[in-house]
Amino acid sequence: MSHKRVAILISGGGSNMVALLDSMVGDHPARPCLVLSNDEHAGGLKKAAERGVATAWVDHRPFKGNRTAFEAELIKPILEAKPDIVCLAGFMRVLTGDFVSHFQGRMLNIHPSLLPKYKGLNTHARALEAGDAEHGCSVHEVTAALDDGPILGQARVPVLEEDTPETLAARVLTQEHLLYPAVLRRFAEKNSTPVHLG
């Protein structure tokens, strides 16, 4: 069986990346080919290396906000790895439409809200401020628009009366670790039927 090759982009500890890596075993239709970060000190790089996955990093800071120049370097190790699928897993840089177009229909992202609600940052606090009864996370195809694109899966959690942004984030993260691997497996099988958890 010819496995799909998956590159994963991270910025920090990479807990969703770990969930993805640990799922791509046995009869899974995909295998990791690269974990890439914009921070050489990202904890996730060490976790990936410990699992025998190739790693690379491209520091965004020397580019001083020049996203085009940064992305020109960022794309090099990705293209070298020849991925079939690119997964954003806590990658905290906004990507331009030009970059995304290279991987159109092949790039996934996980976002901590029930999209289309709460695109961008501070999603847990915003859900609490709105008095939402439920919150959750979404996996979607990446398009040029931020946190947009076809939704491939969602997981829901109830919002509790005593919740803080931190407690809500922790419960959502548990669901992220279940949802993202489930969506990736289905996507690698060329099945875009949305996954629903919770």
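Is phenylalanine 70 buried or exposed? At 5% relative accessibility, phenylalanine 70 counts as buried, where buried means under 20% relative accessible area, exposed over 50% and partly exposed in between, with a 1.4 Å probe and protein chains only. The model is predicted, so local features need pLDDT of at least 70 and side-chain atom pairs count only at pLDDT 80 or more, while totals for chains, interfaces and linings use all residues. Residues are numbered from 1 along each chain as its sequence is written, and side-chain values use heavy atoms, with hydrogens and water left out.

The ring of phenylalanine 70 forms an aromatic pair with that of phenylalanine 63. Rings of Phe, Tyr and Trp (its six-membered ring) pair if their centres lie within 6.5 Å; planes under 30 degrees apart count as stacked, over 60 as edge-to-face and the rest as tilted. Two aromatic pairs turn up in a search of the whole structure. For phenylalanine 63 and phenylalanine 70 the centres are 5.8 Å apart and the planes stand at 55 degrees, a tilted pair. Phenylalanine 63 is partly exposed, at 23% relative accessible area. Phenylalanine 99 and phenylalanine 103 have ring centres 5.6 Å apart and planes at 55 degrees, so this pair is tilted. Both phenylalanine 99 and phenylalanine 103 are buried.

Now the chain as a whole. Its secondary structure comes to six helices and eight strands, taken as DSSP runs numbered from the N terminus (helices H or I, at least four residues; strands E, at least two). Along the sequence the pattern reads β-α-β-α-β-α-β-α-β-α-β-β-α-β. The C-alpha trace spans about 50 × 45 × 30 Å along its principal axes. The radius of gyration is 16 Å, in agreement with the value near 16 Å for a compact globule of 198 residues; it is taken over C-alpha atoms, and the globule rule is 2.2 Å times the number of residues to the power 0.38. Of the 198 residues, 46% count as buried. With contact meaning heavy atoms within 4.5 Å, 62% of the contacts between residues at least 6 apart in sequence join residues at least 24 apart.

Helix 1 (15-23) is largely enclosed by the rest of the structure, because seven of its nine residues are buried. These are Asn16, Met17, Val18, Ala19, Leu20, Leu21 and Ser23. The elements that cover them include strand 1 (4-10), strand 2, helix 2 (43-50), strand 4 (85-88), strand 5 (107-111) and helix 6.

Next come the charged side chains. Side chains of opposite charge can pair when their charged atoms come close. A salt bridge is a side-chain nitrogen of Lys or Arg within 4 Å of a carboxyl oxygen of Asp or Glu, and the structure holds ten of them. In one of these, aspartate 27 meets arginine 185, with the closest N and O atoms 2.9 Å apart. This pair links distant parts of the chain, 158 residues apart: aspartate 27 sits in the loop between helix 1 and strand 2 (30-37), and arginine 185 belongs to helix 6 (residues 165-188). Aspartate 27 is exposed at 58% relative accessibility, whereas arginine 185 is partly exposed at 27%. Arginine 185 also forms a salt bridge with glutamate 189, at 3.6 Å from N to O, and glutamate 189 is partly exposed with 45% relative accessible area.

Another salt bridge joins glutamate 73 and lysine 76, at 2.8 Å from N to O. Both residues lie in helix 3 (residues 67-81), three residues apart, about one turn of the helix. Glutamate 73 is partly exposed at 31% relative accessibility, and lysine 76 is partly exposed at 42%.

Aspartate 147 presents another case. It lies in the loop between strand 6 (134-141) and strand 7 (151-158). Aspartate 147 is buried yet has no salt bridge, and the nearest side chain of opposite charge, arginine 126, is 7.1 Å away; Lys and Arg count as positive and Asp and Glu as negative, while His and the chain ends are not counted. A polar atom of the aspartate 147 side chain lies 2.7 Å from the backbone nitrogen of glycine 120. Apart from neighbours within four places in sequence, aspartate 147 is in contact with Asn109, His111, Leu115, Lys119, Gly120 and His140.

Definitions and conventions
A polar contact is a pair of N or O atoms within 3.5 Å; within protein, one must be able to donate a hydrogen and the other to accept it, and residues adjacent in sequence count only if both atoms are side-chain atoms.
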